Number of protein chains: 4
Amino acid sequence: MSQYSFLDDYSEGCHPDILAALADTNLVQQTAYGNDDYSERARALIREQLGRRDTPVYFVSGGTLANIIITASALRPHEAIIAASTGHIVGRETGAIEAAGHKIITVATADGKLTPEDIRSALANNAHYPHMAKPRLVYISNATELGTVYTRAELRALAESCRANDLLLMLDGARLGVALTTEASDLTLAEIADLTDIFWIGGTKAGALIGEAIVIPNAQLAHEFDFHIKQRGALLAKGRLLGLQFATLFSGQLFFALSAHANAMAQKISRAITASGYALASPTQSNMIFPILPDALLEKLHQDYEFHLWSKADDEHAVIRLVTSWATDEEQVNAFIRDISEK
Amino acid sequence: MSQYSFLDDYSEGCHPDILAALADTNLVQQTAYGNDDYSERARALIREQLGRRDTPVYFVSGGTLANIIITASALRPHEAIIAASTGHIVGRETGAIEAAGHKIITVATADGKLTPEDIRSALANNAHYPHMAKPRLVYISNATELGTVYTRAELRALAESCRANDLLLMLDGARLGVALTTEASDLTLAEIADLTDIFWIGGTKAGALIGEAIVIPNAQLAHEFDFHIKQRGALLAKGRLLGLQFATLFSGQLFFALSAHANAMAQKISRAITASGYALASPTQSNMIFPILPDALLEKLHQDYEFHLWSKADDEHAVIRLVTSWATDEEQVNAFIRDISEK
Amino acid sequence: MSQYSFLDDYSEGCHPDILAALADTNLVQQTAYGNDDYSERARALIREQLGRRDTPVYFVSGGTLANIIITASALRPHEAIIAASTGHIVGRETGAIEAAGHKIITVATADGKLTPEDIRSALANNAHYPHMAKPRLVYISNATELGTVYTRAELRALAESCRANDLLLMLDGARLGVALTTEASDLTLAEIADLTDIFWIGGTKAGALIGEAIVIPNAQLAHEFDFHIKQRGALLAKGRLLGLQFATLFSGQLFFALSAHANAMAQKISRAITASGYALASPTQSNMIFPILPDALLEKLHQDYEFHLWSKADDEHAVIRLVTSWATDEEQVNAFIRDISEK
Amino acid sequence: MSQYSFLDDYSEGCHPDILAALADTNLVQQTAYGNDDYSERARALIREQLGRRDTPVYFVSGGTLANIIITASALRPHEAIIAASTGHIVGRETGAIEAAGHKIITVATADGKLTPEDIRSALANNAHYPHMAKPRLVYISNATELGTVYTRAELRALAESCRANDLLLMLDGARLGVALTTEASDLTLAEIADLTDIFWIGGTKAGALIGEAIVIPNAQLAHEFDFHIKQRGALLAKGRLLGLQFATLFSGQLFFALSAHANAMAQKISRAITASGYALASPTQSNMIFPILPDALLEKLHQDYEFHLWSKADDEHAVIRLVTSWATDEEQVNAFIRDISEK
């Protein structure tokens, strides 16, 4: 690529510390299927962050698999999922949840976040027993597909609504790193474990080559979980690859530091855009920026940068999506800012 | 029940001719699994209506099964269905379609009917290859869940849109009898066979005890269809039960005559309601009437009649749903009309 | 058919009492979906037989559906079924159980019946956690596909083995009527309810037009069972059709009397065959007879009777399968016996 | 581990060239989801081996996923798979194939390999239309679970039998490297592409950290294959991780050289065992050795080596399984041989 890419947060490999750890341990023989020393160490480090001793933690090879495994293991065939209509499982996983047999009940939201009111309405509209699939699990992601994040008060209110209605709460954390380290958030990993039944921490978008960590605070959902990891194809023979990466990310504060960098770069771009007199389609809460820019400017920017055209704003303007990451080069950010303010 | 029921079109048994036919043939030995003489006769009679000689016709034991079998046999795992958000498969079949592995893409409609514009929009919103399930089959019902019916022009436009976009068109005919015999319709069974790839003719709501006839104008969809009927549990050992009913319904014009009666009773009630000065929430196109009536009147009517409260209209009025059928007793209809006009 | 058929036990319609009951109640309005008076009455009559007050009883439209619904509602996705390799769900339901997501672990048996030793061996061969699906439910049928039946001691031993190993025991009773009324059996319906977690009573092969009754002694398996009946397409709008038939069959002792007739006819044929000097491939325990007859005799018999060629015995003999039923005409049986002894 | 492990072929990380390639390219921005330069290069290198220009090649994250994706995309719901009863998909994937809806018809074999006679018998035993799932795809692995390999003549005969019976032939190549580089084999990668409809080349057991390459000689099976990779969770955001590894393995002859090393180590151990007067339970055809050793010797060996106890041979002997790999240390092999011959 001759242009610098702001397309996504998975255009580079991984943090160099991970490559170093892989090299250091490469020929050490280890037990297979996630029973290696590095996976054990990673579990211990994650539990430390949670302030919990025995919470089950599993590593799987991807986010779609995490979502399939969690829902397929938690639900009986007649049970359905409630999700925002913009949710990742709704429109970005090729019907994977339905392929495993479950209906997703969608709720339109303003900002990608579910509220207790959304839950009430979904329950009310799906109560015709037994002609409707029974709502049983609420799916959210943090950050959402729109880059917005939940506050502690919002997540607590949602969790209370779920418990009051015998609903499980699941959190997709593909971008949990940026969601927890942004100024817009007052949540911690430990609080997420207190408020949800099951969640996963994304490694792929946070500096790993591959891998997500599923955390199961609700012990019932952990029952015979290994079978589901294996059945859906997510049990790596060389589980060490996943364990070692999470052990590296959660040694010291690397995971949070990398995510904070992504947020910082996003804020820098976001502030520069508004300083240059352009508007944002939505506030910048994590590592996605949605500026509204003139078509002429976009044409020039496209010579040096890659980004997604999100939607037309009017005849002469469009909304674009810029994504920053742990790997975003600050010099490229500075250049981009310069190019915006000058042009 | 001490009250007369306008709750649905399946509160009685079946047309007496069917009981007579069952009695006449009861001890005649017949080949099992739909290979009996009566099923052969029923197929021939239906094909006669279609003006087609070889179109495959299968009989199954229920509407949900018909919808499961059709979609599961027609689609590969990554292919999705487009349906109105009010569609029967969306909210009245306990996630049966998803349980067989397929996503339903829903489109909001004013009247339960899909248009080419709906198709265009569903395709445009589900084009992110390969991250989105691929739209492949359009599901409609005639009459719709809201009692509305397709005109020939509407169905033709929809069919053309499907063919232009390589989409299969499937029609759920649970209430096809009333849809074809209402004044609001100019469609025939033969035209439906010309315009759709696969459809089914509802027996249960049209005077049969049980059973629906699946008709497959698109030969590709018929390939090894028997396996799917058996696999989903719809292949009756005594297929004669289904065949004999359809042979009875399609001997002469019984099927159409019974449906016409349901429509006539609906029109009689509908006209009486407007004549009494009350409004309808929507025009009466088939065998469902949605009048807006004062709460006080409803309370009195409830002493003698059963019907569904549909929604509140205002502080003193509600919308109710009345359903007529092949079995609706005209004397009860007259009494109901009298009770409305007098009270 | 010009020949008299001994092909199966579903070549005729239904017992005339059922037709009479259908005619008597035909225009009485009833609540839909199994909440009608007749279904209530049928449930009460069946519970009387069981000597149990509250055991859930559901009516569904077919045996494959019963098997799908029971297994799909009872099992999580990683849980497997243990069955005899001759089991109906193994080779006669087009992969219906697998289509709902579950593996069947098969065990070779001599006579179609499972023993505690079979369970031990199936468990031992499927213990590689989590790489193997976890055995969770034992499927048997009574009578088996081979016409053999379980004694009380055999069923009790199997049930104890299941409980000791945390396995659910399910009994497919497509031919439960003949299994309970044969001399080879000392079991009652009440004992089956004591020894199994869930079972079903076949109506189709016992004098009904259609329908099977699922009985759920293990309350946990009944939780939200209605959803599964609806989701799999087995919830009839006119549930009255099923209820009325079972109410008729279980009024007085009709169900048992009809089954006893089938057994009596089978014994009569079986004894005549041995009296004529021919051997049986296996003892006649219910309504299936497996004689070994000379090819020349079979050719003659085929002029007047229909039956299945089961397998070659030697160069001049074959095993055939004869099936009797509630409807078997004793005069035809007498003629058949005469034809065997004379020829 | 204080003992040296002969447990499996995935106890170490990956070949150092792969780590070097990862380090070299780590911060180069690449397009996501397998559209990166390294995946393109890997595809080109594999096609070169096949002597085919356009054959589709896809990379996925694991073997179970490869098997799920291939079968789920190739089969309609009523279609079944024929496999050896020892096949990996039968007893080592937690019912993954059934969870995706398909029945596996198993055939007992002497050595894990399927023959045309096995196909004939499976077809004959599954021909009861439409009551049996329809055999449609034949699954084999090379090497098999028992370490045996197919010769060219054997594979050709099987392929001809499949084509003659309208069956697809799929080859699971988790251990294809050792299968092709053993003396027992006269097959090439190009011939496998000529004889099968779809197959995959295992990376995980051949020196990669993770990843398998699916090759699709039968163009029909490639239609919209990407959707299935995504739907089943095998589409990595950082597809570069897979592409780069296969590009490294197929640059020069690394893939074959590493597999040849595994075979050489296996032959060395195998010959030493027979030279020491011990028998083999089966001949050593790839990287698995099954010696029959005295219990006393095994106890001593267990102090320094890890291996699987496979089965009891008699009161004083047992069969063990030793596995070698690309990473097997020849010094450890020499020590093991010494320990066997001395003790």
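These exercises work through a predicted model, from its chain contacts down to one residue.

**Exercise 1. Which rotation and shift superpose chain A on chain D?**

Solution. 
Step 1. Take the rotation. It is 180°.
Step 2. Take the shift along the axis. It is 0.0 Å, and the RMSD of the superposition is 0.0 Å.
Step 3. Draw the conclusion. The two copies are thus related as by a two-fold rotation axis.

**Exercise 2. How many residues do chain A and chain D each bring to their contact, and which helix of chain A gives the most?**

Solution. 
Step 1. Count each side. Chain A brings 42 residues, and chain D brings 42 residues.
Step 2. Find the helices. Five helices of chain A each supply at least two residues to the side that touches chain D: H1 (16–25), H3 (63–74), H5 (96–99), H11 (225–231) and H12 (240–249).
Step 3. Pick the main contributor. H1(A) gives the most, with five residues.
Step 4. Sort the side of chain A that touches chain D by class. There are 21 nonpolar, 15 polar and six charged residues.
Step 5. Match the two sides. Of the interface residues of chain A, 100% are also interface residues in chain D, so the copies meet through the same surface.

**Exercise 3. What does chain C bring to its contact with chain A?**

Solution. 
Step 1. Count. Chain C gives 13 residues and chain A gives 13 residues.
Step 2. Locate the largest share on chain C. Helix H11 (residues 225–231) of chain C supplies it, with five residues.
Step 3. Sort the side of chain C that touches chain A. Four residues are nonpolar, five are polar and four are charged.

**Exercise 4. Where do the domains of chain A lie, and how many residues does each give to their contact?**

Solution. 
Step 1. Read the bounds. Domain 1 of chain A covers 4–10 + 255–342, and domain 2 of chain A covers 16–252.
Step 2. Taken over C-alpha atoms, the centres of the two domains of chain A are 28 Å apart.
Step 3. Count the contact. Domain 1 of chain A gives 15 residues and domain 2 of chain A gives 18 residues.
Step 4. Find the main helix on the domain 1 side. Helix H13 (residues 254–275) of chain A gives the most, seven residues.
Step 5. Sort that side of domain 1 of chain A. It has eight nonpolar, six polar and one charged residues.

**Exercise 5. Which residues of H2(A) are buried, and why do they line one face of the helix?**

Solution. 
Step 1. Check the helix. Helix H2 (residues 37–50) of chain A has 14 residues and reaches 20 Å from its first C-alpha to its last, close to the 20 Å expected at 1.5 Å a residue.
Step 2. List the buried residues of H2(A). They are A:Tyr38, A:Ser39, A:Ala42, A:Arg43 and A:Ile46.
Step 3. Look down the axis of H2(A). The buried residues fall within an arc of 140°, so they line one face of the helix.
Step 4. Find their partners. The buried residues of H2(A) pack against H1, strand S2 (57–60), strand S8 (212–215) and H12 of chain A.
Step 5. See what follows. A:Gly51 comes after H2(A), with a positive phi near 65°.

**Exercise 6. Is A:Trp326 buried or exposed?**

Solution. 
Step 1. Locate the residue. A:Trp326 is in the loop between strand S14 (317–323) and helix H15 (330–342) of chain A.
Step 2. Apply the cut-off. A residue is buried if 20 or more other C-beta atoms lie within 10 Å of its own.
Step 3. Decide. A:Trp326 has 25 other C-beta atoms within 10 Å, so A:Trp326 is buried.
Step 4. Name some contacts. Not counting residues up to four places away in sequence, A:Trp326 touches residues including A:His15, A:Ala206 and A:Leu258.
Step 5. Compare sequence and space. A:Trp326 and A:His15 are 311 residues apart along the chain, and 8.1 Å separate their C-alpha atoms.

How values were computed. Residues numbered from 1 in each chain as written. Chains lettered and ligands numbered in written order. Predicted model: local features only at pLDDT ≥ 70, side-chain atom pairs only at ≥ 80, totals over all residues. Least-squares fit on C-alpha atoms with pLDDT ≥ 70 in both. Contact = placed C-beta atoms within 7 Å. Helix = DSSP H or I, 4+ residues; strand = E, 2+ residues; numbered from the N terminus. Nonpolar A, V, L, I, M, F, W, Y, C, P; charged D, E, K, R; others polar. Domains from an automatic or database assignment. Expected span 1.5 Å × (residues − 1). Buried ≥ 20, exposed ≤ 12 C-beta atoms within 10 Å, placed from the backbone. Arc of directions from axis to C-beta.
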